[in-house]
Amino acid sequence: MTGARQKVSKYAVFAFVTFLVSLWSVCDGQWRTLALVDWLDVVGEGGAALVVAYWLFLIVRARPEGRVTDQLFCGLTCVFIGFWLDAMDEFVQSDSGGFMDGALESVVLPAGVLIFTCGLHAWHREQQQINRQLRNREQRYRDHTAVDRITDLGGARFLKAQLARLQASRIQQFSVLLLELDDFANFSRRYGAAAANELLAKVAELLMLNLRGQDLLCRVAGARFAVVMPATEAAQAHVLAAELREALVHYAYKLDATGATVYQACRSGLATYCGQTIDELLLQAHAQLVANAAQLKVA
Amino acid sequence: MTPHRWYEREEKLWELLHQPAILLDLLTADGANLHQLLKGTAVFPQDLRTGGAISSADLIKLVGNARLHDNSSELAFRWGQSLWPGHYGAFSQLLMGATNIAEFVQGLADYSHFLCPLLVPRVRFTEQDCCIEWLDGIGTGEQKPFLVQAYMTGVIAAVEWLAGGRVPWRAGLSARSLVPSELYLTYWGAVPELGVGLDVLLISREYWLKPWHSHRSQTTLTAQRRHQSQCAEFAVNVCPGFIFAVFSVLEQKPRDPPGLDATAQILGLSAATLKRKLREHGWSFQRLQDHARLHACVYKLGGDTATNEQLARYFNFNNATNFRRAFKRWLGDTPSQGRLAALRLFAKQTKTA
């Protein structure tokens, strides 16, 4: 709630400053006759002002509170004021004959651009930090439309796109591990959809803690996850798979409602790339998972 | 007064607290807004606490709204997984008491009105398979593929739970779906055959009557009989959906289906009324007639080694060219492509070790 309130206060500041500056401009000058107005200028500068206002709205809405947002906000507000006064100039002839015009051209607009640039520079450094945090979810390729709402991981389409990129790159040796929670449908039935979503989100975090920097985690569907291990030999991939299984099996998930512990069993299938198509690779991993599951049942 | 032999779109028949509530639960758990989901329907949020009935038109609208709010292709599968046995009183008890696939599917088919709104499951046998077809009950239009995905997932998931393990299902879908195959592999264990012309779930005959448990006590048998009679009592006044009622008339004679006037007469309507009602439900007479003939044709393509000439004779076309043209209209693809798809679907399965 405080976040929303602070955003509203930013919009209020923006509106107030615009009002103040417009009032000053009107009081400081005289209205021109409409016949003398250059409408092209109005549309151009007024339009630019409105677009800048829209940029400001988008940025304030999307970003959390902080120093970087404040810098971007101040910068864009000044740029907006610059364009706005420029457009108003067409309607109001300045009396003082110099101060407003001078301020416009030499100070407000360039100052705004400068402050905005500082903000962008800080945003650049901030983004690099975020990219580092998202490495295991993205591996340097962001597609916000492919992100799964429950776990913040990429889905089946993202997985296939990433595998295709690996196939096309020089890294010709990679493995795919499919890891699926046993009996997830039952868990969902017993404890409800909210608990099921929470379990998936936590399992995703747990798996990521056990990955290397270059590995990628995706949620294929349901309770099935995929780990892409680039530049990894089959033997090492098997070791990593065993580690992930161990981690999952020992995870003491706590139900929110009762605090009871629910342990998870899982099944997995591993396939190493050796020239086949991506679909065949995934089908191979799936077949391995099914075979392993059947074996475990018999045992 | 003509007896009411079918239900129509605007009749409030489906219990809100059953399958629709499960769908809404899934979405609200994901953070969707309930008011947005109920937009365009006659349902209020408080109805979800007290219960009530929802019409087919509203349920179809609800499904449409749900799909808009969920950008993943997974919603149908997740909904399907939580559908059955469910909490539907005697009907759920009946499903839980099933001891093999046949009993489960029969329960579903007998009481589909209470267990799977809007679509009609129907069992059909080929030489080596048991086929569960999913037919349009009331004109589900664009939402049919979603409902088919959900219900097929429901059958597969419920059987897996009750049987204690996965069974090798195969599936054919009429839609050329854009869902990634990995979703099918995860939820169904197999990728379906697309663009087949039917929505059908197949299982090899050997699994149909295979018992899931070695022993059944007298108590459970008695209980199951009691559930059966309870369900039968509820189902006394049930009638089929309008589209299914018309389809049933048309498919009785696939070789020479009745025309608009004849069908209207059988149903006790005027031709104009039939035409209007079909339009209201999102179908046209020609399309429904084509659909009925396509149904019959797909099984023939998958089973017999019928050539286009033989099929043309069977369906009373003058020659193979006319048949080919008509088939292309029915399926949207040539008979040879249709035959390939059908053959892949109904192919003889090699026994797995």
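1. A word on the ground rules. This is a predicted model, in which local features need pLDDT of at least 70 and side-chain atom pairs count only at pLDDT 80 or more, while totals for chains, interfaces and linings use all residues. Residues are numbered from 1 along each chain as its sequence is written, chains are lettered from A and ligands numbered from 1 in the order in which they are written, and side-chain values use heavy atoms, with hydrogens and water left out.

2. Have a look at α7 (residues 101–110) and α9 (residues 144–163) of chain B, which pack at about 140° with axes 11 Å apart. Helices here are DSSP runs (H or I, at least four residues; strands are E, at least two), numbered from the N terminus. Axes are lines fitted to C-alpha atoms, for helices over the stretch in contact, and angles run from 0 to 180 degrees between N-to-C directions. α7(B) and α9(B) are therefore oblique to each other; angles under 35 degrees count as roughly parallel, over 145 as roughly antiparallel, 65 to 115 as roughly perpendicular and the rest as oblique. Ile101(B), Phe104(B) and Leu108(B) of α7(B) meet Val155(B), Ala158(B), Val159(B) and Leu162(B) of α9(B), where contact means heavy atoms within 4.5 Å. By class, that contact has seven nonpolar, no polar and no charged residues. Ala, Val, Leu, Ile, Met, Phe, Trp, Tyr, Cys and Pro count as nonpolar, Asp, Glu, Lys and Arg as charged, and the others, Gly among them, as polar.

3. Further along chain B, the axes of α16 (residues 285–303) and α18 (residues 320–331) come within 9 Å and cross at roughly 105°. That makes α16(B) roughly perpendicular to α18(B). Among the residues in contact are Asp290(B) and Arg293(B) of α16(B) and Arg329(B) and Trp330(B) of α18(B). The classes are seven nonpolar, one polar and three charged.

4. On a 1 Å grid over the protein atoms alone, a cavity is a set of points where a 1.4 Å probe fits but cannot get out, and a pocket is an open set with protein on both sides within 12 Å along at least five of seven lines; lining residues have an atom within 4 Å of a point. Grid points are joined across faces, edges and corners, and a volume is the space filled by probe spheres set on the points. The second largest cavity has a volume of about 50 Å³, and α9(B) gives the most to its lining, with three residues. Tyr184(B) and Asp199(B) are also among the lining residues.

5. The second largest pocket has a volume of about 580 Å³. Of its 31 lining residues, the closest to the centre are Ser188(A), Arg189(A), Gly192(A), Ile22(B) and Ser82(B). Two or more residues each come from α7 (184–191) and α8 (193–209) of chain A and from α1 (19–29) and α5 (75–81) of chain B. The lining divides into 16 nonpolar, nine polar and six charged residues.

6. Finally, two backbone spots to look at. Most residues other than glycine have a negative phi, and most peptide bonds are trans. Asp152(A), not a glycine, has a positive phi of about 65°, and Asp152(A) lies in the loop between α5 (135–138) and α6 (156–168) of chain A. The bond from Trp84(B) to Pro85(B) is cis, with omega near 0°, and Pro85(B) is in the loop between α5 and α6 (90–96) of chain B.
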